[in-house]
Every structure is written in structure tokens, then in C-alpha cells.
Amino acid sequence: MTESGLEKKTGPAMEAEKPLRQDWFLDPARRIWQHPDHFRFNTALLAKFMVIRPGETVIDIGTNNGVLLVYADDSHPALMTGIELLHEPAQVARLNLSVCRSPWEILEQPVQQVMDRKADVVISNPPYFSLQATDRKTPLTLRQQGRAEFHLTLGELCEAASRFLNDGGRFYLVHRPDRLQEILTVLEKHHLIVKRLQLVYDRRDSLCKSLLVEARKNGRTGGLVMEPPLWIGVAAGDGNEERSGDSGCRLGEPDTLAV
């Protein structure tokens, strides 16, 4: 498999060795490299919620280390495209995707500048916090940049998803429940109609922690499916819980690899 999964490209010069760690994602056989200075994956719930069919084209906005695309590879998509602004996560994504069987590419540029891609499915674990909710006087760390709308607002995310999607295409995202009203409004503004919704709760305090959304490009209104609530944290044995509230992964031993 080539660097892009399609053809050999000459990428940026390899940087000095960085301390990466390898974790497993949902399955001990699925090993994922992560960079400790950047936002690490918290996408197990979204991976299980999203539906990828064989032969579909998939775009991951803000792909970070590419973990969602590695999971999507199990469904044999026709092409997987990850869009990532920051260089180091993009390099780690290329490393992780190098084992995939499906064709793939990583675009290292702002999603606002990507105009020549179309897809059947768009997925995203986007920044959760608006800049208004952050202390703008304090410089953001690399990890905080992955959590705050420093490079990508909710409106820009939904506009890009709508731009990429074919009619009837599906947009999957995970977000914070306290922004639900804003999310629904912004999605509808960009012709993305919510068709499926699932709330994720934490058994430790019974508060809703996350919101999983499936929206369709130019979908008909109505017919919204509310999935059963999903509980994370302490398992209750009712068949509808997650054993871990962080990411469905187990931390591996630290390792060092050039990226």
C-alpha cells in the first residue's frame, strides 16, 4: 500500500523521532498509534454508531490519527479520505492507514479549502467547545486545539459535510448534548436532516455525556429514530452498556517511532 493508498506521493520531510504509543481500538487485534501531544481518540461510540456499506466513499473531517477510517476499512469502502490540518496527526494517520486494504488518502489542509471531493458518508468527531467557552487569552495546547473550535466551527463543519455529500448521503458525528439545539439548527441550515439520534449516559452520575447523530443530505423531515440510551461507565448487565467510558480501548506500552 502506498502512502496515500492510491499512488506514491512525496510527503513532508520526516521529523525527528516522536514518542508514540500504541493502543488497541475496540478489538485487541486493531492496533492504533497515537501521539501523546495531540488529541487522542475518543471515538469508539461513533465507530459503532456509524454505518458504512461496501463500495461507499467516506470522508473523515478532522481525522486526527485516522482511527475512524481504520475501523471503516472493515466495511470495504471504495475510497476513504481523511482531512487533517495539523502535520503530526496527519503523519500518524498515514502510518495507521498503511495497514488498510481499502484505498485511502490523507489531505493535509483546512477542510474549508477542500472543494473537489464527493462522498456517500461523512464522519467527524469534531471540536466540542466554542471559542466563547474557552479562555482566549491563554494559548491553546495542541490537544486543546482538537477540543475547541479554533480551526473549525460547528457551522463550517456542517457546511463542509453538506458540500461533500451526495444527495441522500449520511453525516455521522458525536457531540456534546448541551449544544443539541444549536446542532439541529445548523444542520438544517445546511440541508442536513437528522434521521437517527442516540444519547449516551454515564452510570457514575446518570448525566447525558454525549450525543450521536446521523443526518441525511436533503432528507425528508420526519421519521426520526431515537435509539435506546447507551450507558457507559459501570456495566449493569442489561446488554446496552459500554464497559469503558473513555474510548473502548486499552492503553499499550509506550514506544518510539519516527513520524
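This is a predicted model: local features need pLDDT of at least 70, side-chain atom pairs count only at pLDDT 80 or more; totals for chains, interfaces and linings use all residues.
Residues are numbered from 1 along each chain as its sequence is written, and side-chain values use heavy atoms, with hydrogens and water left out.

To start with the overall picture, the protein chain holds 6 helices and 13 strands; here helices (H or I, at least four residues) and strands (E, at least two) are DSSP runs, numbered from the N terminus. Of the 259 residues in the protein chain, 48% are buried, where buried means under 20% relative accessible area, exposed over 50%, and partly exposed in between (1.4 Å probe, protein chains only). Among contacts with a separation of 6 or more, 68% join residues 24 or more positions apart, a contact being heavy atoms within 4.5 Å.

Next comes the inside. In soluble globular proteins, nonpolar side chains tend to be buried together. A nonpolar core is taken as a set of buried Ala, Val, Leu, Ile, Met, Phe, Trp, Tyr and Cys residues joined through side-chain atoms within 4.5 Å. The largest such core has 29 residues, and those with the most contacts inside it are Met50, Met80, Leu97, Ile123, Tyr172 and Leu212. Two or more residues each come from helix 1 (44–49), helix 2 (67–72), helix 3 (87–97), strand 5 (104–107), strand 6 (119–124), strand 7 (165–175) and strand 11 (230–232). Helix 2 gives the most, with 5 residues. A second, separate core of 27 residues includes Ile83, Leu107, Leu192 and Leu211.

Helix 3 is mostly covered, with 10 of its 11 residues buried.

Strand 7 pairs with strand 6 in the parallel sense over 5 bridges, where two strands pair if DSSP finds at least two bridges between them. Within that pairing, Val121 has Arg170 of strand 7 as its bridge partner. Strand 7 also pairs with strand 9 (residues 207–217), this time in the antiparallel sense over 6 bridges, and Phe171 stands opposite Ala215 in strand 9.Strand 5 has a partner as well: strand 4 (residues 79–83) pairs with strand 5 in the parallel sense over 4 bridges. Met80 stands opposite Trp104 in strand 5. Leaving aside residues up to four places away in sequence, Met80 touches Val58, Leu69, Ala72, Asp73, Leu97, Cys100, Ser102, Pro103, Trp104 and Glu105. Trp104 and Ile106 point one way from strand 5, Glu105 and Leu107 point the other way, and all are buried. Glu105 has a relative accessible area of 5%. Between the C-alpha atoms of Glu105 and Ala93, 12 residues apart along the chain, the separation is 9.6 Å.

Then there are the rings. Rings of Phe, Tyr and Trp (its six-membered ring) pair if their centres lie within 6.5 Å; planes under 30 degrees apart count as stacked, over 60 as edge-to-face and the rest as tilted. By this rule the count comes to 2 aromatic pairs. One of them is Phe49 with Tyr172, an edge-to-face pair at 6.1 Å centre to centre and 85 degrees between the planes. Phe49 lies in helix 1 and Tyr172 in strand 7, so the pair ties together parts that are 123 residues apart in sequence. Both Phe49 and Tyr172 are buried.

Phe49 also has Arg196 over its face, 3.9 Å from the ring centre. A charge sits over a ring if NZ of Lys or CZ of Arg is within 6 Å of the ring centre and within 35 degrees of the ring normal. The charged end of Arg163 likewise sits over the ring of Phe164, 5.0 Å from its centre.

His76, in the loop between helix 2 and strand 4, has a positive phi of about 60 degrees although it is not a glycine. His76 is partly exposed, at 44% relative accessible area. Ser206, in the loop between strand 8 (192–202) and strand 9, has a positive phi of about 65 degrees and is not a glycine either. Ser206 counts as partly exposed, at 46% relative accessibility.
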